[in-house]
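I opened the model to go through its sheets, then its overall dimensions. My notes follow in the order I looked things up.

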Amino acid sequence: MDETTPVGTTPADGTWAGAVPADSGDGDDPYLWLEEVSGEPALSWVRERNDETLSVLARGERFEQVRGEAREVLDSDERIPYVHRRGDHLYNFWQDAEHPRGLWRRTTLESYRADEPDWEVLLDVDALGAEESENWVWRGAAVLRPEYRRCLVPLSRGGADATVLREFDLETLSFVEDGFSLPEAKSFVGWIDENRVYVGTDFGPGSLTSSGYPRIVKEWRRGTPLSEAVTVFEGKPDDVSVSAFHDHTEGFERDFVRRAIDFYSSEKYLRVSADVTGAEGLVKIDVPHDVDVSVHREWMLIRTRTPWTVGVTTYPAGALLAAPFEAYMAGERDLTVLFEPDPHTSLSYFAWTRHHLILGTLADVKSRLEVLTPGAGGWQRAPLPGVPEIGNTEIVGTDPDHSDEYFLNSSGFTEPSTLRYGQIGGSIEVLKQAPSFFDASGLSVRQLFATSADGTKIPYFVVSPAGADDSGPTLLTGYGGFEIALTPSYSGVIGRGWLARGGTYVVANIRGGGEYGPEWHRSALRENRVRAYEDFAAVASDLTSRGITSPSRLGIQGGSNGGLLMGVMLTRYPELFGAIVCQVPLLDMKRYHVMLAGASWMAEFGDPDEESDWEFLRKYSPYHQVAADRPYPPVLFATSTRDDRVHPGHARKMVARMRELGYDVAYYENIEGGHGAAADNEQLAFKNALALEFLWRNLTR
């Protein structure tokens, strides 16, 4: 095959009408053996599929160019090295061509202002991996406050969620001999003080939830074996997880325990001395299970997910409320409304500085920032000055312990990122600017609205060459789940690999996401999930009806929950698309809850073991809806062997079933990468080039 040969084609005479799914979901699954992640038969099958796909896609001038361009973007020394303050230093994790697994490093604010800061390297992950013959992937660090002398470092093999944990000394720049350490597991560990931590991990049989996360949290003292750690709290086997943390804020030191009942419901406790003898106890924070609670100094913030009635007042879903923490725990219910949503505006996030609260909101998916200040006369509010009018702007760092500083990042589809630094009440300065990786001078950005099946208006953004018609290919993406909002952002990879080559790029803000707050999300939960799929199909149809593209030139791409979205588009709306890229997807909605972390998502999708839930799940489960003789467009499935969040068996089994029915589908499974399907920039560039090459081949023939 040459460079223009399409892959993943469907039977030429396939039709929609009268097609019967290959399996109703009630019979035996013939491809369960592909769920054996590292089983040799399964891996042999994976290698064969990889060879087939790579022999077609991973060659040719365009593939090599796109991969090289993506690698240049990802490795560029001109990228902004984003930082997090810990004490007097700004910390950064950096990957480039010379350090593919990365450097953990730090500098000072004064040095960071320079074009080339003076970085102190703390840990070289590549060197560590070479020394220990391990494929380590960085997973962050928990630095002990307020001294910032020690930290807890989780390291992942190949990018999995499960990590190995070690204690690191930030003065000697070495791992602590006989320090806190844990073997590979999906653990959490948090500092209490230099000699104690909270730990949740695999303590043995029965210590994990059905989702594979810690069910028990313990207090572990330095120098003692893990087996002697003292249990603080035990959740139930069907909970998602339990955790605990210590608030180190001087003068407001407190300890909290959280029991995550499901993805959106939890119980919160304050850990206290129950009596003068010093016995420990837990006091439940009296709030509904579905609210988010956080505490900063004397204040407690409550973010509602559904309407909440307190006394004679009902607070709407998506509101942010404030109360003095001690007074609330004593029984007072004097709540101040800090934010209340409207049909166009939702709360995206909030961030504390030492004396102020910054609210980030979305107004029709466009960012707004406001500063709130508590005082004797109540809460005062004002816009955050110096925020750019265009693109998306968000707070990416504050110093809530010591100052009112903030780091502000802004970007757009055609505007590279700019990082600004300011102090509330003071001036704001530009710290760093990312380079332009593609020529955006001929591109236009529009926000349009499609009408979904039930009449709801669905916003979407279109980035296209000025005056473009449907002769060029269009790439549409979306997510629509877990209250995650897709906002305008700059992508050098999409810019160079797609837009600069004449493509049009579209982002759909469908229900299930967080673009309009919790109600936008809840409207597509469980039995209403189909609304998200109808929304995405409506955007696709709207693109065609407006003349922006045509079905044969419209490609779609999505991962994780967005991969499920792609699977549903494939099996329910194949006539709308010319090609589909489906990455790290959920596809088998009959067994998703027994595969890795799947049980933690039942609040989002439903419980397939409940007959009433399976009744609506089966109607869209791609693995059960794929059928013979349908007009499926070319499709590329991509996943990772080391993804221990969304099981690679979803993609494997879908491909096997489609091949059984005679479809020529493309498949690629990266051995490393975890849920991101790439462990370093080389793998990430390859993954992106493979997807874009697949789309170019099938949308321009």
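**Entry 1: a sheet of four strands**

I traced the order β11-β12-β13-β14 in an open sheet of four strands. The pairing is antiparallel. I kept in mind that this is a predicted model.

Next I looked for the edges. They are β11, residues 188-193, and β14, residues 230-234. Each has a single partner strand, so one side of each is left without a neighbour in the sheet. From one strand to the next, I read an average twist of 25 degrees.

I then followed β11 to its partner. How many bridges join β11 to strand β12? I found five, and the two strands run antiparallel. Strand β12 covers residues 196-200. For one position I checked who faces whom: phenylalanine 188 stands opposite glycine 200 in β12.

I took a look at the pair β31 and β32. Strand β31 spans residues 418-423. It pairs with β32 over five bridges, in the antiparallel sense. I picked arginine 420 and looked up its bridge partner, which is valine 430 in β32.

**Entry 2: the whole protein**

I counted 14 helices and 40 strands in the protein.

Then I checked the dimensions. The C-alpha trace spans about 80 × 60 × 55 Å along its principal axes. Why do I call the protein a compact globule by its radius of gyration? A compact globule of 701 residues would have a radius near 27 Å, and the protein has 26 Å, which agrees.

Burial came next. I took buried to mean under 20% relative accessible area. By that cut-off, 57% of the 701 residues count as buried.

The accessible surface comes to about 27,900 Å². Carbon and sulfur atoms hold 48% of that surface.

How values were computed
Residues numbered from 1 in each chain as written. Predicted model: local features only at pLDDT ≥ 70, side-chain atom pairs only at ≥ 80, totals over all residues. Heavy atoms only, no water. Pairing = 2+ DSSP bridges. Rg over C-alpha atoms; globule rule 2.2 N^0.38 Å. Buried < 20%, exposed > 50% of the residue type's maximum accessible area, 1.4 Å probe, protein only. Areas by Shrake-Rupley, 256 points an atom, 1.4 Å probe, with all protein chains shown as cover. Axes fitted to C-alpha atoms, helices over the stretch in contact; angles between N-to-C directions.
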